[in-house]
Amino acid sequence: MKKLNLPVGISDFEKIRENGYYYVDKSGLISELLERETAEVTLITRPRRFGKTLGMSMLANFFDVRKDSSRLFDGLEIMGNRKLCERWMNQCPTILFSLKDIDGLTFSNAYNQMQMQIANLYKEYTYLLDSDEIDPDDKNLFLQIKAGNANEVQLSRSLNLLMRMMHRYYKKQVVLLLDEYDVPIAKASSNGYYAQMMEIVKTMMSTSLKDNPSLRFAVITGCLKIAKESVFTGTNNFVSDTITDSKLNEYFGFTQEEVSQILKDADAMEKRDCIKEWYDGYHFGDFDVYCPWDVMNYLFDVQKNPNIQPASYWKNTSDNAIIRSFIDYAGSSITKKMETLLAGGAIFQRVDENLTYDYLHSSEENLWSVLYLTGYLTKIRDMENSSSLSDGTFALKIPNKEIREIFETTVMKWFDDNAKSWDRGTLFHAVWNGDDKVLTEEMSKLLRKTISYHDYKEDFYHAFLAGIFAGAGYEVESNKEHGEGRSDVVVYDSVNGRVAIFEAKYSKTLQDMTEDCKRAIRQISDRMYAKDFQDDYDQICCYGISFYKKRCMVMCAEGE
């Protein structure tokens, strides 16, 4: 495999180009945006980790009048459009401001972070204070904001002030690039200060975008189009580019052609099927795309260890709490749909792209929409779906192995946590008293509450059995050798000197359950599973269990 200088974790276009990092050419985005010159504001919504920040950094380097960027774009697609480059390259006063790191458990904390981030932005433009063209009062306000002393009104209007000062200084209107505009709103919604943060962001956006004589045009990125919040209401010539309705499909994420070229350059074509299975599967507009963060991270790891298996890189970067909150909210009502998805199937769901963060949990429909818009589900292409769907209804599925693993891990954790909260006293009492009838009833109740996956394979039932007892003060072993074979699950109550042995069978039909239970009991006896415990435990309970989908049957046998 060839060694490529892969820019893992680097979203600075200038740094990538100056230091010779491998770069997938996305400069065609520039000409696409400029062909829409009538659009004063373009909102681009994509899931996280699909190259939005790098794209914004590229735009800033192209437009910024303070830079000489021709060397950075040398050899890229955009340089083939000489007239466009002569007119636009490094000709515009430009502001690039990212809100992606503004977070906090309280409004005060988040506000201080935003205040500091704005102060740092202002420090890039201190040269404006030397101009006689700028009003002295604006200069004084500039200094106050730069020092981190802005109040809420001043902070919410700080971008407007900076744009006005730049307009007067350069005698040119400003290009405004706002990256991840909705992150502080999402964080505020999760932590209980939504209204306060929304007031600041709404004012910041409206004063910057609506009827602002200093604005040439703006490009904004985020995960959701929160149009219902009046953030963009009244904005002149507003265009949104979403994963459903997009003309910028190929500029966010890697296309199949781009991934094939990367693998060819890395001399790693043998990884093609593996990468496709794990990181492909997203459909944006008319394009199928891979998650670029995953592709680059995996190839980076492969360069160090050619035999390394694919990993879920999203698991460590994205806020996967959305899946958990979804399950907690919807509970058993989403069980069947979740099982369909985890089995590789599709569900049919209305999707609303105009959501608001404070109403995400107001309905199950909203939550499915969020899972789609944030990249945890993807739309099946029309050509792959034979069903006739009404407007706004999509066939949705889990895009790839990586996201399926995140779902499975989250579902397992949800089951474990919920199992701990269920009152299992009756079930435990039945275990130690040999009451297989009550045990059948109690286990059946729990089984009906779970979300199954892997099409009811053995590992599902093993996890189910172990999960019932884990965390309740019992030691649990699974598939450990005892006697002359391996019992499925063993539960120890060492304090009271007792142990329970479970042997499970997976019935092919409902009618097979009784016989399979008896077969499990015979196996416990024939292979002498109880023999190892006779010297150390006073009570040995042995159970045969048969499972068929969400049904179970338990039979008790005497320990030997």
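**A residue and its helix**

Author: Ile-262 sits in helix H11, which covers residues 256-265. The model is a predicted one. Is Ile-262 buried or exposed? Its relative accessibility is 1%. Buried means under 20%, so Ile-262 counts as buried.

Next, its contacts. Set aside the neighbours within four places in sequence. For a reference point, take Lys-52. Ile-262 and Lys-52 lie 210 residues apart in sequence. In space, their C-alpha atoms are 20 Å apart.

Now the helix itself. Two packed helices are described by the angle between their axes and the distance between the axes. H11 packs with helix H12, residues 272-279. The angle is about 140°. The axes are 11 Å apart. Angles over 145 degrees would count as roughly antiparallel, and 65 to 115 as roughly perpendicular. H11 and H12 are therefore oblique to each other. Their crossing is right-handed.

Which residues make that contact? From H11 come Gln-256, Val-259, Ser-260 and Leu-263. From H12 come Arg-272, Ile-275 and Lys-276. By class, the contact of H11 with H12 has three nonpolar residues, two polar and two charged.

One more element, for context: strand S13, residues 498-506. Eight of its nine residues are buried. S13 runs parallel to strand S14, residues 539-548, and nine bridges join the two. Phe-502 has Tyr-543 as its bridge partner in S14.

Note on methods
Residues numbered from 1 in each chain as written. Predicted model: local features only at pLDDT ≥ 70, side-chain atom pairs only at ≥ 80, totals over all residues. Heavy atoms only, no water. Helix = DSSP H or I, 4+ residues; strand = E, 2+ residues; numbered from the N terminus. Buried < 20%, exposed > 50% of the residue type's maximum accessible area, 1.4 Å probe, protein only. Contact = heavy atoms within 4.5 Å. Axes fitted to C-alpha atoms, helices over the stretch in contact; angles between N-to-C directions. Parallel < 35°, antiparallel > 145°, perpendicular 65-115°, else oblique. Left-handed = near helix turned anticlockwise from the far one by under 90°. Nonpolar A, V, L, I, M, F, W, Y, C, P; charged D, E, K, R; others polar. Pairing = 2+ DSSP bridges.
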